[in-house]
Amino acid sequence: MVRLKVATGDASTAMKEFEELKDFASKSPFDLPGVVDASIMFRNAGIEAENIIPTIKMLGDVAQGNNEYFNRMALNFMQIKSAGKATM
């Protein structure tokens with residue numbers, strides 16, 4: 001929760017986002033720590049706050065319930081977003 005507070009900039013925003021992430025994780029096969037990590041990575045990559053949960057849901061759908069795929073795709077998505085393009 002502390003990392004999320006640092007990433008969001010304040011406790012109330014962090015708590016609201018944490019509740020949304022917890023709700024998503026409870027309805028999906030993904031673990032809460034992985035979902036929170038993805039959220040923090042996306043914020044650090046400059047993804048707008050209103051797009052974080054939809055992006056996590058999209059990657060979760062693509063990963064089809066596989067935690068390893070979800071974590072890998074979240075990292076790759078963050079890298080692409082940071083670089084502005086995909087590279088080989």
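In the predicted model, the buried residues of helix α4 are Ile52, Ile53, Thr55, Ile56, Leu59, Gly60 and Ala63, where buried means under 20% relative accessible area, exposed over 50% and partly exposed in between (1.4 Å probe, protein chains only). Seen down the axis of α4, these buried residues fall within an arc of 165°, so they line one face of the helix; the arc is that of the directions from the helix axis to the C-beta atoms. An α-helix has 3.6 residues a turn, so residues three or four places apart point the same way. The face of α4 turned away from the buried side carries the exposed residues Glu50 and Asp61. The buried residues of α4 pack against α2 (11–26), α3 (32–44) and α5 (67–83).

Helices (H or I, at least four residues) and strands (E, at least two) are DSSP runs, numbered from the N terminus. Residues are numbered from 1 along each chain as its sequence is written. Because the model is predicted, local features need pLDDT of at least 70 and side-chain atom pairs count only at pLDDT 80 or more, while totals for chains, interfaces and linings use all residues.

Within α4 (residues 49–63) lies Thr55, which is buried with a relative accessible area of 9%. Apart from neighbours within four places in sequence, Thr55 is in contact (heavy atoms within 4.5 Å) with Phe42 and Phe77. After α4 comes Gln64, whose phi is positive, near 50°.

Leu4, in helix α1 (residues 2–8), counts as buried at 1% relative accessibility. With residues up to four places away in sequence not counted, Leu4 touches Ala14, Glu17, Phe18, Leu21, Ser39 and Ile40.

Methods. Heavy atoms only, no water.
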